[in-house]
Amino acid sequence: MSAPPARPPQIALTFDDMPAHGPLPVGGDRLAIARRIIAALKAAHAPAFGFYNGGFATDATAPQVVGAWRAAGFPIGNHSWTHGDLATMGPDAFLADVSRDEPPLVAASRGSDWHWFRYPFLSEGKNAADRDAVRAGLRARGYRIAAVTMSFGDYGWNDAYARCVTKRDQGAIAGLESSFLAAARVQALRSRMLSQAALGRDIPYVLLMHLGAFDAHMLPRLLDLYRSLGFTFTTLARAEADPFYAAATDLSRLGPSPTLEAAAAAKGVAVPANAPLPDAHICA
């Protein structure tokens, strides 16, 4: 009897820094950015999860951004109020920042599960004591951690894009488009290699992106790229139901949150370097 066909690899799409990430290009609009991202997700039938920073909601369109995201059926979770780094804030201030972010999440969620937390900078503290104190605080509040297993530094292109739009440098923008897709491809293949080498299989991958202007500009092409590589799309909850993520979804377990890099290193697998970000001097 032949073996059943392998299931295609899956990606759960997550977007940090809602309702505002990165600089706005000249003539840009936060709501338009969100709407372009939502439209691309809908066209691809791709679920998504957003992570909210209440301290970023200073633009007049911020309530509309959150409203559009929720009206599209996409949930939101907690990314802390100020996007502070646990390694510099310490556990008490950090957990207070998490709590401060909760009232707008409750108001916006209306029945969806907002008890997912994404660490700013993916930083879980400067030592095990701080990490474990925050894990205990998050557990007491009913959170699961949205661990990340695929990323290509999309934030770097958002900054460069804003500069290039200001300079009306279409050649540089075309270069950013090519390098963005190339980095996404390299990192997707890197995640698959690490998963297969460390675990002998594909896990459902959780992709970290941001609600930025270049993300909106490129998302239709990015989703096409992932489909061309054989990926399908799933929800954050379904992805992190995989046993690989147990230390992120059950905070009674020992931390830190699982990463493919750590899993590979534990098996003696060499971890390749990440794809490069755009040069900081592009359109500077």
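**Close-ups of a predicted model**

**View 1. A right-handed disulfide.** The torsion about the S-S bond joining Cys164 and Cys283 is about 100 degrees, so this disulfide is right-handed. Cys164 sits in helix H7 (residues 155–167) and Cys283 in the segment after helix H12 (260–266), so the pair ties together parts that lie 119 residues apart in sequence. Keep in mind that what you're looking at is a predicted model. In it, the sulfur atoms of Cys164 and Cys283 are 2.0 Å apart, and the count of disulfides comes to 1. How buried are the two partners? Cys164 has a relative accessible area of 0%, so it is buried. Cys283 comes out at 12% relative accessibility and counts as buried too.

**View 2. Helix H7 against helix H8.** Here H7 meets helix H8 (residues 170–199): their axes come within 10 Å and cross at roughly 165 degrees. That makes the two helices, H7 and H8, roughly antiparallel. From H7, the contact takes in Trp157, Ala160, Tyr161, Cys164 and Val165, while H8 brings Ala172, Ile173, Leu176, Ser179, Phe180 and Ala183. Sorted by type, the residues of this H7–H8 contact are 10 nonpolar, 1 polar and no charged. As for its hand, the crossing of H7 and H8 is left-handed.

**View 3. Two cis peptide bonds.** Start with the bond from Met18 to Pro19, which is cis with omega near 15 degrees. Look for Pro19 in the loop between strand E1 (10–18) and helix H1 (30–43). Now move to the bond from Gly255 to Pro256, also cis, with omega near 0 degrees. Pro256 belongs to the loop between helix H11 (246–249) and H12.

**View 4. Two histidines with positive phi.** His45 isn't a glycine, yet its phi is positive, at about 55 degrees. You'll find His45 in the loop between H1 and strand E2 (48–52). His83, another residue other than glycine, has a positive phi near 65 degrees. Its place is the loop between strand E3 (76–78) and helix H3 (86–89). Which of the pair is buried and which is exposed? His45 is exposed, at a relative accessible area of 70%, whereas His83 counts as buried at 13% relative accessibility.

**View 5. Ala237 and Asp113.** Ala237 is part of helix H10 (residues 236–239). With a relative accessible area of 40%, Ala237 is partly exposed. Asp113 is 124 residues away from Ala237 along the chain, and their C-alpha atoms are separated by 9.8 Å.

Technical notes
Residues are numbered from 1 along each chain as its sequence is written. This is a predicted model: local features need pLDDT of at least 70, side-chain atom pairs count only at pLDDT 80 or more; totals for chains, interfaces and linings use all residues. Side-chain values use heavy atoms; hydrogens and water are left out. A disulfide is a pair of cysteine sulfur atoms within 2.5 Å. Helices (H or I, at least four residues) and strands (E, at least two) are DSSP runs, numbered from the N terminus. Buried means under 20% relative accessible area, exposed over 50%, partly exposed in between (1.4 Å probe, protein chains only). Axes are lines fitted to C-alpha atoms, for helices over the stretch in contact, and angles run from 0 to 180 degrees between N-to-C directions. Angles under 35 degrees count as roughly parallel, over 145 as roughly antiparallel, 65 to 115 as roughly perpendicular and the rest as oblique. A crossing is left-handed if the near helix is turned anticlockwise from the far one by less than a right angle, and right-handed if clockwise. Contact means heavy atoms within 4.5 Å. Ala, Val, Leu, Ile, Met, Phe, Trp, Tyr, Cys and Pro count as nonpolar, Asp, Glu, Lys and Arg as charged, and the others, Gly among them, as polar.
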